[in-house]
Amino acid sequence: MIRGRGVEKRYGRKRVLHGIDISVPRGGFAVVTGPNGSGKTTLLRLLAGLALPTRGDLLVDADRARIGYLAHEPLVYRELTAVENLDLYGRLYRIPERRERIGMLLERFSLWDARAERVATYSRGMTQRLALCRTLLHEPDLLVLDEPYSALDEDGAALLDRELEALAGHQTVVVATHDAERVAALQSSRLALA
Amino acid sequence: MTYVADVLALTRKDLRVELRGRDTLPAMLLFVLSTLVVFHFAIPDDAGDNAAYGLLWVAIVFTALLGLARAWVPEQEHGVLDGLVLAPCDRSAIWLGKTLATLVFLLAAQAVALPAFVLFFEPLDATAIAGVLLADIGICAVGSLLSAMAAASRARELLLPLLVLPLSIPLIVGGVGAAVSAEGERFLLFLVLYDAVFAVLSWASFEYVVTE
């Protein structure tokens, strides 16, 4: 599913990633760890197809439409409501019966009551839950999650634990996190960036 | 059909965001009206018609710049552009949706500015108005692309006018020509040609602006 050898990424003169080897089979659950500035986000952007490696080979065997990317930013419009944001993505991803899917995800992530409120009024935790809804909306084959537990309260984190448990083994998941122990039971491989 | 549906969904989203945030259109309206008022008092009475048409174009171009400067701000907040780029739609649909939304804002500003121009300065005939409309299309098409390029830079406020103004010169020439020349139709034809060439170039190159 994902195979990378000697992956390097530079921004100008700054080398962000150097000599990264990564291999995640279909259905695998890879955890990426490392201190701040070690290149976790850059690696995940490469996997999501938002950036290209400067050097090395990286093969991600998933169509753009089948990748779900959770970034540091929620990738939703502040002035739109949760439903409007998800409906826009649902249209662009050509999701059949998107209204039912949106309703189900909003219920599952406890955002149903706030569905008609603008995202600008959401707390950080609610925005992160909405970002998770957006990431899972099109039932991606490859999930690329950058610090998914960030800003979530205990209920939200427990909810995400259950989601990841359900996904593990069925979908390929790559998670970058500072809290590797939280997903240690699910991981099939770990990549530690220096 | 899905391409058209994507474009319409993206345009509708931009209009809705503006309707809620009211960040762009009120600023454009205030700017164009106050500019025309200042010009009204600044131009001597004997300056002639042509000077007034020239100033109309100064007001139009800078009003468009104001709109373009804010065009990608909603996408920069919360990193939405990454989400749109990842979606499986044709990436040019993102540019076209933004171009149409910016065009709507510019037309709304001109719905107020053109009557104000007629009130303060000179009447506008059908050729002059057609020139304005055709130039609007060109400004928005090129401007949406250049604005996306500038948005990726730290110096976007400086970069955008530097990119847009040189490419607007043919539009100003065509627009003013349509208003003052006895052969205004030739200038309209020139504007149609400019719009067609630059719209196709912008449409084709947008993908390379938003991806590596």
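A residue counts as buried if 20 or more other C-beta atoms lie within 10 Å of its own, as exposed if 12 or fewer do, and as partly exposed in between, with C-beta atoms placed from the backbone. The model looked at here is predicted, so local features need pLDDT of at least 70 and side-chain atom pairs count only at pLDDT 80 or more, while totals for chains, interfaces and linings use all residues. Residues are numbered from 1 along each chain as its sequence is written, and chains are lettered from A and ligands numbered from 1 in the order in which they are written.

Take Trp95(B) to start with. Trp95(B) is buried, because 25 other C-beta atoms lie within 10 Å. Its place is in helix 6 of chain B, residues 92–120; helices (H or I, at least four residues) and strands (E, at least two) are DSSP runs, numbered from the N terminus. Leaving out residues up to four places away in sequence, Trp95(B) touches Ser144(B), Leu145(B), Ser202(B), Trp203(B) and Phe206(B), where a contact means C-beta atoms, placed from the backbone, within 7 Å. Val210(B) sits 115 residues apart from Trp95(B) along the chain, yet their C-alpha atoms are separated by 9.9 Å.

Over in chain A, five strands form an open sheet in the order 5-6-7-3-8, with parallel pairing; strands pair if DSSP finds at least two bridges between them. Strand 5 (67–70) and strand 8 (189–192) of chain A each have a single partner strand, so these two edge strands are left without a neighbour on one side. Strand 8 of chain A pairs with strand 3 (residues 29–33) of chain A over four bridges, in the parallel sense, and Val31(A) has Arg190(A) as its bridge partner there.

The two chains also meet each other. Chain A brings 26 residues to the contact and chain B brings 22 residues. On the side of chain A, helix 2 gives the largest share, five residues. Helix 2 of chain A and helix 1 (residues 2–21) of chain B have axes that come within 10 Å and cross at roughly 160 degrees, with axes fitted to C-alpha atoms over the stretch in contact and angles running from 0 to 180 degrees between N-to-C directions. Glu84(A), Leu88(A), Arg91(A) and Leu92(A) in helix 2 of chain A meet residues of helix 1 of chain B, including Asp6(B) and Lys13(B).

How values were computed
Contact = placed C-beta atoms within 7 Å.
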